[in-house]
Amino acid sequence: MGVILAQVAVSGILLGGVYALISIGLTLIFGVLRVINFAHGEFLMIAMYASFWLFQLWGVGPYGSMPVVVALLFVVGVTVQFLVIRPILKASASMQIAATVGLSTLLQNLALVTMTANYRSVNTPLSKAVVSAGPLLLGVSRLLAFLVALTITGLLFLFLQRTYLGKAIRCTAQDRTAALLMGINIDRVYLVTFAIGSALVGVAGALLMPLYPVFPTVGAYFVLVAFVVVVLGGLGNLTGALLGGFIIGLVEAFSGFYVPELKEAVYFVVFIIVLLIRPTGLFGVVGAEEVGLK
Amino acid sequence: MILQAENLTKAFGGLAALKEVSFGIEEGEILGLIGPNGAGKTTLFNVISGFFRPDQGRVVFAGETVSHLKAPRLCRSGLARTFQVVKPFGNLTVLQNVMVGGFLRTADPGLARERALEVMDLVGLSGRRDTPAKSLTISDRKRLEVARALATRPRLLLLDEVMAGLNPAELVQMLEILKRIRGQGVTLLVIEHIMAAIMTISERILVLHHGEKIAEGAPREVAGDKRVINAYLGEEYLLA
Amino acid sequence: MSVPTRSEGSMFSAFRFIPRRSLYVLAGVAVMATVVAFTVKDKFYLHLLIMMLFYAAVSSAWNIVGGFAGQLSLGHAAFFGIGAYTSTLLFIDLGISPWVGMLIGAALATFVSGAIGYPSFRLRGPFFTLVTIAFAEVLRILTLYAHDFTKGSIGISVPFRPALQNFIFRQLSAYVFVALAFLVIMVLVNLWIENSRLGYYLAALREDEDAAQALGIDTARYKLVAVLVSAFFTALAGTFYAQYISYIEPFATFSLDFSVLLAMMAIIGGVGTVWGPVAGAFLVTPLQEVLQAKLGGELQGLHLVVYGTVLIVVVILLPQGIVPSLAGWGKRALGQREAMPAPSLKGGS
């Protein structure tokens with residue numbers, strides 16, 4: 001039994017890494033732009049479809065095509081930021097939500113119309129490969145997803161700490177006005193942040209393709225998980241998103257083991273409880289949820 | 001005494017905003033509240049009007065201890081306030097704004113409307129009835145702020161710098177409005193920086209400095225008080 | 001109704017303040033719908049009319065929370081589903097007339113809305129929206145899970161036993177009248193709210209919550225009232241849906257897509273106004289029904305591509321929605337000024 005539980009736990013942590021990656025993009029965007037992108041899940045869907053088609057049409061595996069997918073998502077991010085996000089930055093929170101929800105609906109159904117509702121999967125030799133660590137079996141794809149997710153997160157942290165642009169991003173997140181006064185080009189920071197957040201989702205999509213099928217509403221599923229993670233970790237808090245990802249990965253793994261039919265309900269209930277009792281999450285700044293979004 | 005403040009203390013983190021402030025307000029009087037910037041005047045308002053809880057001390061309003069009550073409940077008891085940075089309901093018209101105040105005492109829109117028109121007349125906003133509040137000039141916004149609070153039929157009205165940003169002519173009008181309000185039996189506690197204005201209108205003055213009460217009494221006395229002069233030395237103050 | 005004296009007065013006198021024009025428009029809609037119901041025989045068009053009236057009514061119910069109270073809920077499907085499942089299960093398992101079941105379902109939904117709504121009001125902006133989404137999703141999953149009771153994903157079919165007390169009719173036109181009655185009630189309720197203390201207070205707390213509290217408004221209480229009323233009527237719509245479509249299952253009734261659709265219609269038409277949701281529904285529904293009927297499985301989802309785009313465009317270019325924007329242009333063209341400018345979700349805090 002102990003081995004089984006350990007197996008479940010490991011499974012949860014590995015998946016948690018990918019959840020973390022998806023959520024970090026979302027929380028980064030929120031922390032800087034103060035906008036919750038309800039279409040974040042659809043970006044993931046786009047990445048997965050891109051990964052799928054690159055494999056389908058040109059035989060390039062998801063790991064190999066990752067740079068292309070990431071570049072694509074970066075461009076998507078820039079485009080959306082310019083066309084949709086920038087014009088609504090001054091609008092009320094409700095209007096921002098409405099716009100990104102509209103975008104989400106648009107993208108989901110565009111996929112439905114162009115690619116049909118069929119589930120598409122990528123099957124490479126790696127997909128089924130398994131590696132053993134003692135009594136535990138680890139799916140290679142899952143393990144790779146975990147490792148790449150952690151690496152990218154580490155790189156992101158380095159970027160934010162060491163580079164000028166990274167610091168500019170952090171400044172803008174802390175105090176928009178002060179950053180402006182310091183001569184930081186806020187517009188450009190917003191653009192880059194949104195694009196980076198989207199690119200991170202691109203990585204996640206490429207990593208998920210060997211593990212999950214893609215279909216038009218796949219984003220909706222993952223984005224809800226991402227919301228739970230982001231709120232749990234504290235909106236705008238990157239470390240929180242990382243840890244939150246692992247926590248939710250574990251919660252999901254164990255509830256999937258004990259009460260598979262209620263798996264999703266469990267983390268939604270966790271979500272509701274966190275929102276009602278400590279909306280700032282485990283690591284957030286108290287009062288952030290009251291301020292809403294300045 | 002319509003209001004009694006006893007040993008009010010409030011700190012934010014390490015900063016003591018109010019230190020054992022005690023005073024009383026007689027019904028029907030106009031009490032002026034002055035002090036250099038950062039003295040704690042708005043904090044005092046926030047504590048009295050139920051937006052902050054005092055760390056220590058208590059507030060007694062019309063015989064009832066109200067220190068831990070929240071703003072809406074206090075307003076219903078007859079204690080209303082305005083905000084230093086005015087908060088009009090921008091997308092509603094002037095009339096609608098004031099009606100929101102009027103609805104406190106009646107659920108009937110007709111009666112609320114009547115009350116609103118009455119009050120708007122008193123402050124001189126009748127001509128702007130259907131103007132969206134966001135289009136108003138600063139002077140009219142200040143009047144709106146007062147009108148709205150007045151529509152709730154307060155016994156005590158806390159006015160936070162209603163004269164800031166007004167030109168001399170508007171100032172005189174505002175002083176007139178305050179006198180008219182008091183004439184209706186409303187007690188006023190007024191924060192103001194414009195010395196000439198506050199000195200003329202108030203029966204008594206209360207002076208705060210670094211969160212402490214340093215003087216209380218008739219305007220002339222307070223103006224001559226050494227501690228008050230010291231507090232203001234080096235500070236810019238306005239003679240209208 | 002007696003004439004209120006000067007010292008009394010009643011909240012119902014808000015009816016006196018409803019602009020005549022609005023009542024004329026309402027009467028006009030009612031007359032047109034009635035005429036169509038009597039003259040048109042084509043089932044598709046009758047169905048379309050029913051759907052238009054239905055969505056207009058539900059979207060109007062949503063608008064009480066999303067528009068008047070300014071709280072963007074994307075979980076209204078929860079109340080809709082509670083209404084649909086309660087009345088249907090009571091009808092099928094216990095033989096209780098759906099008219100009664102409808103009220104029971106609405107009462108249940110109202111209670112639930114209060115229980116989850118009250119603690120949620122502290123949350124601003126997206127936090128509130130997220131909690132509503134989570135809540136509806138939990139209900140959907142629970143409904144799937146309790147399949148012994150609710151038949152789970154298989155869904156429940158309402159048996160065709162036409163009778164007035166069964167809320168099942170042979171003639172489509174009967175459903176038109178029920179939907180129309182529902183819409184008329186919703187519009188009157190909204191018109192009343194807009195001109196009453198509740199409406200003024202909701203507008204105030206939407207604009208500036210601190211200022212509202214300083215004027216004696218217990219903001220949590222009024223938001224709660226808005227949610228209770230909204231949930232009640234949304235649940236009624238759920239029963240109508242169950243009785244008309246004759247089939248319910250968790251995905252259709254509890255889905256996030258449905259909640260989003262309600263919000264979308266109201267926002268496109270003009271959130272926070274009385275006619276906005278109606279206009280939004282009247283514009284959006286035909287597109288949906290026509291595309292679904294003509295293109296069927298082929299280009300499923302195309303109408304949603306359009307909606308999504310329209311929603312984005314509206315938010316960016318016409319944030320007040322179509323109705324207030326048109327009214328604004330009309331006013332300027334005629335050189336008039338309107339009595340009550342349409343409240344909007346833009347700006348403020």
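Two strands count as paired if DSSP finds at least two bridges between them. Strands here are DSSP runs of E with at least two residues, numbered from the N terminus. By these criteria, strand β1 (residues 3–12) of chain B pairs with strand β4 (residues 56–61) of chain B in the antiparallel sense, over 5 bridges.

This is a predicted model, in which local features need pLDDT of at least 70 and side-chain atom pairs count only at pLDDT 80 or more, while totals for chains, interfaces and linings use all residues. Residues are numbered from 1 along each chain as its sequence is written, and chains are lettered from A and ligands numbered from 1 in the order in which they are written.

**Sheet in chain B**
- Chain B holds an open sheet of 4 strands in the order β2-β1-β4-β5, with antiparallel pairing.
- Its edge strands are β2 (15–25) and β5 (64–65), each of which pairs on one side only.
- Strands of a sheet pair through backbone hydrogen bonds.

- B:Thr9 has B:Gln56 of β4(B) as its bridge partner.
- B:Val60 in β4(B) stands opposite B:Gln4.

**Hairpin of β4 and β5**
- β4(B) and β5(B) run antiparallel and are joined by 2 bridges.
- B:Glu64 in β5(B) is the bridge partner of B:Phe61.
- The hairpin has 2 residues between the strands, and B:Ala62 takes a positive phi near 50°.

**Contacts between chains**
- Residues are in contact if their C-beta atoms, placed from the backbone, lie within 7 Å.
- There are 2 pairs of chains in contact, and chains A and C share the most contacts.
- Chain A and chain B do not touch, and their nearest C-alpha atoms are 14 Å apart.
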